[in-house]
Amino acid sequence: MKAKRKKLGDTLRLHVKNQMSLYLFITVLFMMGVVFGAVVVNTLSPVQKEGLLEYLGYFFRGLDQNTIAEPEIAFQHSMGDHLKNLGLMWMLGLSIIGIPLILILIFLKGLVIGFTVGFLVSQLSWRGLWFAFLSVVPQNLLVVPAMIIMAVSGIHFSLLLVRNRLISRRGTIYPEFLAYSGLVMAMAVVLVFASLFEAYLSPALMRMAVPPVGLVN
């Protein structure tokens, strides 16, 4: 088991080293999405902000009264969403025209996180920042790196398809396909842990930081 973990770790380190420029580009794109999402908060109309605050108030009351979804159901929903995104990125990586869509998915992920954190901070100040830190950051420490790894791998495989099928028209891509698919499976395991955290531990962390319901009424 230790040998397998060491081999996987060495493979990931080699992968990151070989694709460092692509990792930097994807990470910058993700951060641009975060910044853009935070900026979008300032463009919301008062009516839109009021509607979002009403939803937040409902969610906070559910947390306070422990009436949110059961952990098993939350895990199923979270895992389903993560696997759908993972499967989509895998399929896009198998397509020569999938690169722009992969980039869009990464940007949108950053936008959603930036918007969520930006809205909580703009409306609830430091309480919102603390709540965002406990509710948004922990599981995304697993989800975001997994998505970035998948994005880089998908783009790399798409470029390989371009070189081997459209330019040189020679060489085998089967070993690369197996490596790409194996990385997808590894990231699926990471996302399982992220979903478990989101379903079973995140609610407890959020209850520690939930703002007084009166702040969002």
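Guide: A salt bridge is a side-chain nitrogen of Lys or Arg within 4 Å of a carboxyl oxygen of Asp or Glu. Here the side chains of K84 and D81 form a salt bridge, at 3.8 Å from N to O. The structure holds 1 salt bridge. This is a predicted model, in which local features need pLDDT of at least 70, side-chain atom pairs count only at pLDDT 80 or more, and totals for chains, interfaces and linings use all residues. Residues are numbered from 1 along each chain as its sequence is written, and side-chain values use heavy atoms, with hydrogens and water left out.

Visitor: How many residues apart are K84 and D81 in helix α4?

Guide: Helices are DSSP runs of H or I with at least four residues, numbered from the N terminus. K84 and D81 are 3 residues apart in helix α4 (residues 71–93), and therefore about one helical turn separates them.

Visitor: At what angle do helix α3 and helix α5 pack?

Guide: Two packed helices are described by the angle between their axes and the distance between the axes. Helix α3 (residues 46–64) and helix α5 (residues 99–135) pack at about 55°, with axes 12 Å apart. Axes are lines fitted to C-alpha atoms over the stretch in contact, and angles run from 0 to 180 degrees between N-to-C directions. That angle makes α3 oblique to α5, a class left after angles under 35 degrees (roughly parallel), over 145 (roughly antiparallel) and 65 to 115 (roughly perpendicular).

Visitor: Which residues make the contact?

Guide: Contact means heavy atoms within 4.5 Å. Among the residues involved are L52, L56 and F60 of α3 and F115, F119 and L124 of α5.

How values were computed. Helix = DSSP H or I, 4+ residues; strand = E, 2+ residues; numbered from the N terminus.
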